[in-house]
Amino acid sequence: MSYIANTDKDRQEMLDIIGVKHFNDLIANIPEKLLLKDFLKLDKPLSEIEIKKRVFSLLSKNKCLNKQNSFLGGGVYDHFVPVAVDHIVNRPEFVTAYTPYQAEVSQGTLQWIYEYQSLICELTGMEISNAGMYDGASAAAEAILMASRKNRLTKALVSETLNPVYIEVIKAYTEGVGIEILTIPMKAGVTDLEKLRDLSDDKTSCVVIQTPNFYGIIEDCFQIDECITNISENKKQKPLFITINDPISLAILNAPNEYNADIVVGEGQALGNRPYYGGPLFGFMASKMDLSRNMPGRIVGATTDIEGNRAYSLTLQAREQHIRRDKATSNICSNQALCNLAATVYMCLMGKNGLREVAELSTKNAHYLAKEITNIKGFTLAFEKPFFKEFAIKTPTEPKIIIEELHKKEFCAGIEISVKSNDKAESDKLLLIAVTEKKTKADMDNFVNALKNVITTPNSQNKDSKETLNVKKEIN
Amino acid sequence: MEKLIFDKSVHNRKGYSLPKSEVDININDIIDKKFLRKEELKFPEVSELDVMRHFIALSHLNHFIEKGFYPLGSCTMKYNPKLHESIVSSQLFSDIHPHQTLDTVQGILEIMYELQNDLTEISGMAQTTLQPVAGAHGEFTGLKIIKAYHKAKGNHHKNVIIFPDSAHGTNPASVTLAGMKVVEISSDEKGMVDLEALKKVVCENTAGFMLTNPNTLGLFETQIEEISKIIHSVDGLMYMDGANMNALLGLVKPGHIGFDVMHYNLHKTLSTPHGGGGPGSGAVSVREDLVKFLPYPLVDFNTAPLCKGDLGEDEDCAGYFFLNSDHKDTSIGKIHSFHGNFAINVRAWIYIKTLGGKGLREVSENAIINANYIRKKLENVYLVPHNHTYCMHEFVASGNRQKEKGIKTLDIAKRLLDKGVHAPTIYFPLIVPEAIMIEPTETESKQTLDDFINAMLEINEECNTNPDLVLNAPSNTPVKRVDDVKAVKDLNVRHIL
């Protein structure tokens, strides 16, 4: 099925009007030897019935989260998505619309983006939000570039407590433009402030902190802000404070303006978007108003039409690649718009109380589970620090063995992560566990019982030849 | 205009249901007050029906493919099959976590593996990464690969990317982001790469050449072999911006005509939806010796059994799919948290599987016929500057004749909105004054094209008979012409809650 409307007769009429006999006459200018002689070597085409069969036989090889008791997080979370979100986001009016450059026939898209920006500003305490970025990692990278454009300084101090894949993406993004990325070491699960002080100098453009950090721990951003203020005493410029936040957490934890963040970014997937094997995701980005001209990506503004009626349009476009070309604030053009729409609908449905309830339920569940797990002999919290919905556990056996054993019982126990230890050569392996509002007490109790059984079952220590797929899995 | 959702909020109204907490824990006991939000969130309080009505009212203000024609040059607004949307909405796709163990995602990896291979076949290259999520993201990836190639050879001085003045704005912006320098050359009078101009700027520092082919005038760069010879003679690499790949499917393989790296826009060529601006997908294909620089991991297949012996005769023992990061040390790294826009890539995979090799070739053939048909029908009324040869899947007209009567291309575009057609791409490429860039795509019928042609001809008539109608257009859209200047001058980017 090729969705081509024209019949042979249509085509012939058109070729006649064009004034050629055959299609090949239209491409006669292409040197003969450049043209393919044969069809592409692809599978023979399937009908609608056949492709559905093929897909569902492939899908039967997958196991979705519903079928398993999953405690996976690490950047993508299994939060509840109300069905009303799907009913709106799947409407062709939103799905097949183009980027809203023609404002007069795109007011639907433009208005929801304006509402999205308003919600993100309220959530983060910032004054301007763009229409979205590719994902949390690239948003963090773009925030560093944005800071550097603003203050013309070239060193970024990035906490080691960031999701490690964010640090990788940041490095890939900043390597080319000559920004030096310095990692601030971790101390006891949080950013080491002394090291932050030591690393900063006249060239420090920004400090990047994730909170809750990769280990789920709430960083003391008030102290970090104070530290940034202190190090910039007697210096011309104060480095910009960039925070990476879990948007769900912001319903109960400090709005980043409370600790003077200048740019706030994060992964938005948790807001109304499903995991989809890690994509599409979307990054949100908001900042103080004085950074508006340095912001990457699309921004929608309210204005009027020529008759004075309220209308919306893309604004501050002079920052963007289609106007400014090599001097643009970023190369970004397509973003993840439909995911931002899902987030907008989600935030409206959940409203003031719903988002707070989601955050509270997730936190309470996480703390209950952490307490129950640490009651098992040999399991301890890796860090005794306040955490949100995710926590790292030291386990009596290697986490990968636990993950593998629990996998057999339909649990996704969590993610194995490595933490560099100051006093040891090798790094510690921890189990990172995430909990959302979707978990019932029974889900968590079952998980705890399964963990207990793993420890008491003798062969769980046995690392025989079963190097199965489960352990081949890479974290990043 | 529709009221903002915030203006519909009523204290204590509710649009969700959540379970009650089953655990006896108080937030204040577990999190220091210092870390708790000081001001409560002022999100709207609305019912589910309020939300449904609001967003459906907004949806009615949009143009979209199922509503009407979208002749947007360089954007390939083809029909997005409903089959794709229906299949992708399965929970067995949506509720898969990227950190799940490989044995629970074999179906997913098989799709990714096949798509890598199929895109590689279409491009005529050696391997493909699915990690970039947009065209510009793909450009950035491809340029970093070019940079890595030169760096690996110790050629740190090779840091200049050349491109013609007809290039998309993302090209120079991506070069800057990749940390290289841009050199722009003028096109010749036929709208093609000017070989003499190219020879003048090519030197030891040339890292590569970035070209859209067919170019943004919709013309196939027939001197492509000479161009690539010039660039390769200084060990530069040829980058193809695949925005116009809808013209080449099954006709020409970029890897066979001199290109070394290319990105696809799956949301253009392979019919994945545009989503009001995204998510798209920008897969990148490269030639053999560049594979080691691709972002990691790639999806790979191991013919060894899934696990040693203990599955017996189970069919899984035929082998398994996995994420291969063996090239991590040479790779440009990671440019996305996980594996790109998986859900978008699935749609492209379905598209390829349902069309096959012959079907894909027919896509390009019909796209080319449709574009030439419109061009032929309009060229007596609208100026078509580069008509020395047939066009590929799109062409660029100019509103210069109408401008002489005081009517700009912008006015013509806005008048089209009144006639139920989305405006073409306008004022691009920059080398054509008053540019009107028209791309019909293969999914539009002759009848739709005829309606569009008539609309364009009518507007030209209106320029003579009733110019005010065109100058004040649009008049029957949800809002009248929008004041973009005011949007910048009186910047208002959020409703303060």
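**View 1. The open sheet of chain B, with its three strands in the order S10-S12-S11 and antiparallel pairing.** In this predicted model, the edge strands of the sheet are S10 (395–398) and S11 of chain B, each of which pairs on one side only; strands here are DSSP runs of type E with at least two residues, helices are runs of type H or I with at least four residues, and both are numbered from the N terminus. Two strands are taken to pair if DSSP finds at least two bridges between them, and S10(B) is joined to S12(B) by 4 bridges in the antiparallel sense. Within this pair, Val396(B) stands opposite Met437(B) of S12(B).

Local features are described where pLDDT is at least 70 and side-chain atom pairs where pLDDT is 80 or more, whereas totals for chains, interfaces and linings use all residues of this predicted model. Residues are numbered from 1 along each chain as its sequence is written, while chains are lettered from A and ligands numbered from 1 in the order in which they are written.

View 2. The buried residues are Thr409(B), Asp411(B), Ile412(B), Ala413(B), Lys414(B), Arg415(B), Leu416(B) and Leu417(B). What covers them includes helix H11 (400–403), strand S11 (425–426), strand S12 (435–438), helix H13 (446–465) and helix H14 (467–471), each of chain B. Just after H12(B), Gly420(B) adopts a positive phi of about 80°.

**View 3. Gln102(A) and its contacts in chain B.** Gln102(A) is found in the loop between helix H5 (92–95) and helix H6 (107–124) of chain A, and it counts as buried because it has 21 C-beta neighbours inside 10 Å. Residues up to four places away in sequence being left out, Gln102(A) touches Leu417(B), His422(B) and Ala423(B), where a contact requires the C-beta atoms of two residues, placed from the backbone, to lie within 7 Å. The C-alpha atom of Gln102(A) is also separated by 8.4 Å from that of Ser313(A), which is 211 residues away along the chain.

**View 4. The contact between chain A and chain B.** Chain B gives 183 residues to the contact and chain A gives 175 residues. On the side of chain B that touches chain A, the largest share, 23 residues, comes from helix H10 (residues 342–378) of chain B. That side of chain B has 89 nonpolar, 54 polar and 40 charged residues, where Ala, Val, Leu, Ile, Met, Phe, Trp, Tyr, Cys and Pro count as nonpolar, Asp, Glu, Lys and Arg as charged, and the others, Gly among them, as polar.

**View 5. The crossing of helices H5 and H10 of chain B.** The axes of H5(B) (residues 106–123) and H10(B) come within 10 Å and cross at roughly 60°, each axis being a line fitted to C-alpha atoms over the stretch in contact, with angles running from 0 to 180 degrees between N-to-C directions. The crossing is left-handed, a term used when the near helix is turned anticlockwise from the far one by less than a right angle, and right-handed if clockwise. In this contact, Ile111(B), Met112(B), Glu114(B), Leu115(B) and Asp118(B) of H5(B) meet Asn345(B), Val346(B), Ala348(B), Trp349(B) and Ile352(B) of H10(B). By class, these residues divide into 7 nonpolar, 1 polar and 2 charged.

**View 6. Strand S9 of chain A and its two partners.** S9(A) (residues 263–267) is mostly covered, with 5 of its 5 residues buried. Ile263(A), Val265(A) and Glu267(A) point one way from S9(A), whereas Val264(A) and Gly266(A) point the other way. Strand S8 (residues 240–245) of chain A runs parallel to S9(A) and is joined to it by 3 bridges, among them the one in which Ile242(A) is partnered by Ile263(A). With strand S10 (residues 283–287) of chain A, S9(A) pairs in the antiparallel sense over 5 bridges, and there Val265(A) has Met285(A) as its bridge partner.

Definitions and conventions: Buried ≥ 20, exposed ≤ 12 C-beta atoms within 10 Å, placed from the backbone.
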